[in-house]
Amino acid sequence: MLAHLSPRPTLRRCAVIGAVGLALLGTGLTATKDDADPDLTRFYEQKVTWAKCQGEGMPKDLQCGKVTVPLDYAHPRAGTLDLALARYRATGEKRGSVLLNFGGPGGAGIPEFAAGGKEFMELTDGYDLVTFDPRGVGRSSPVSCGNSAVNFDMGEDASELGSDPQSVLAQFKKVADTCARHSGPVYRHIGTINASRDMDVMRQALGDKKLNYLGFSYGTRLGAVYAAQFPDKVGRLVLDGVDTLTEPLAEQGVASARGQQQALDEFINWCVKDIACPFGQDAREARKHVVRLVDSLDQDPVPSAFGEPFTGQDLVGAIGQALYSEDLWPLLERALASLVEDGDTHAIETFASGGAAPRSREETGDPDGGLVDEADIPLDNLPAALVAINCADDPDRPTGEQIIGDLDRMRAEYEAASPVFGPYRLTGVLLCYGTPRGTDFIRDEVKDVHTPKMLLVGTRGDPATPYRWTEETAKRLGSSAVVLDNKGSGHTGYASSKCVHRKVDAFLLYGTLPADGSSCGPEDARE
């Protein structure tokens, strides 16, 4: 659930690894606070050294740095990780920093900032704007499952659970072990609980007494967890595109599939009005055409730009990324036309590609937690991190017998939600099978936070985070939560609504909050 910033899809990190990359990954338990209160002084005493960011496409005024955090907060002497940071410096009198997270989970902050950071320049009138690659993501010890993952198609192989369940379920455990081996020590210590603790180290290293924060999509989960862990350190907190804190992963998958199908339907209704639409001019037939295209690519993949097979599930992932913003629709239409008419995957892969061929942490030359080079970020880092973090955050672990018994019902439910995205999202039910149980903290403890007022932005037409999640999360967080109802469409409101943009900036810059329950109309959409 990455927030949309820039219509330059080549800078968005995803992966073309087929259904296996989303179906067979897993992770271990996430460390939480230790009763012995281990000494973290050396981490809280560091300061960030900034220098001009290096690399293709980096703005001249963007600076990069790093902070060092414990691999395991319960055992801070057991190893460290370096986390990549980037900032735009304050132009006015500096009052501190605003930390940004653009979503995911698994989204690297720095390439998003480089591509779309100019959206936030009003905030530099008083603040340094800072983003980061979370642990396990981007340059910060990126996780990967390597090249050895076996092919696993949820449409075909999931049906084999009934005939040969032990063999298929055993693949989950095998690939989880492969992911752990390729990812190195960070794999067992990934997740939102530790990422939140990392943000508190960043806050101190940036010289801020309180954390000012703007989080989008998954970044709202991260912000809410921070508020629960460090209520006395909360400054001005904005959560845009609010994630759920309580729904099981299986229910989240259905909601996401339904929202993405709605967005796809809207795209098709727009597309068929154009004579160049590759699916024709009849919306009903166009929807059927999309389903047939996905099925045909799953049965007979075409070569990708990377030399690997490009499957229907790769196409679904790419379309899902492009549907987050109407700004990308013209590019998506042309990319689909190239695929349908010429069999050319290059354009569609720009919505779901980037990075290098997967390599192990030993091969990248930094197995001990140092920053990796941009060129060494694995191709599958985003989906590998997405699954690892979601597994670490979710305490539910259905048994093999439960999966087999519920599979037919769940497949029907997901396909009813979306014939395109349903099978893709169904993998979420099986992602964490065979891995240690995730944390209970988010579901049980992130509630009734005693912090200063925070602003929650929900968008009525959001395809990824339904508006009801904003209402539910606000109620759960308690009286500190103030809701802004954005009646527009698209994933998150800051970049798409002038009204939301103004109100968020007014809160972060001046502490001015809108009334709880106030709204921004669809007429306020940004051109």
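Predicted model: local features only at pLDDT ≥ 70, side-chain atom pairs only at ≥ 80, totals over all residues.
## Packing of α5 and α6

On the α5 side, the contact is made by Thr192, Ile193, Ala195, Ser196, Arg197, Met199, Asp200 and Arg203. Helix α6 contributes Tyr218, Arg221, Leu222, Val225, Tyr226 and Gln229. Of the residues in this contact, seven are nonpolar, three polar and four charged.

## Disulfide pattern

The structure holds five disulfides. Counting bonded cysteines along the chain, the pairing runs 1-2, 3-4, 5-6, 7-8, 9-10.

## Right-handed links

One of the disulfides joins Cys53 and Cys64, with 1.9 Å between the sulfur atoms. The link is right-handed, with 100° about the S-S bond. Cys53 sits in the loop between β1 (51-52) and β2 (63-70) and Cys64 in strand β2, so the bond ties together parts 11 residues apart in sequence. Cys53 is buried at a relative accessible area of 1%, and Cys64, at 18%, also counts as buried.

Cys145 and Cys179 are joined with an S to S distance of 1.9 Å; this link is right-handed, with 105° about the S-S bond. The pair connects distant parts of the chain, 34 residues apart: the loop between β5 (127-132) and α4 (165-183), which holds Cys145, and helix α4, which holds Cys179. Both Cys145 and Cys179 are buried.

## A left-handed link

The sulfur atoms of Cys499 and Cys520 are 2.0 Å apart. Their S-S torsion is about -65°, so this disulfide is left-handed. Cys499 belongs to helix α18 (residues 498-510) and Cys520 to strand β12 (residues 518-520), so parts 21 residues apart in sequence are tied together. Cys499 and Cys520 are both buried.

Conventions
Residues numbered from 1 in each chain as written. Heavy atoms only, no water. Contact = heavy atoms within 4.5 Å. Helix = DSSP H or I, 4+ residues; strand = E, 2+ residues; numbered from the N terminus. Nonpolar A, V, L, I, M, F, W, Y, C, P; charged D, E, K, R; others polar. Disulfide = S-S within 2.5 Å. Buried < 20%, exposed > 50% of the residue type's maximum accessible area, 1.4 Å probe, protein only.
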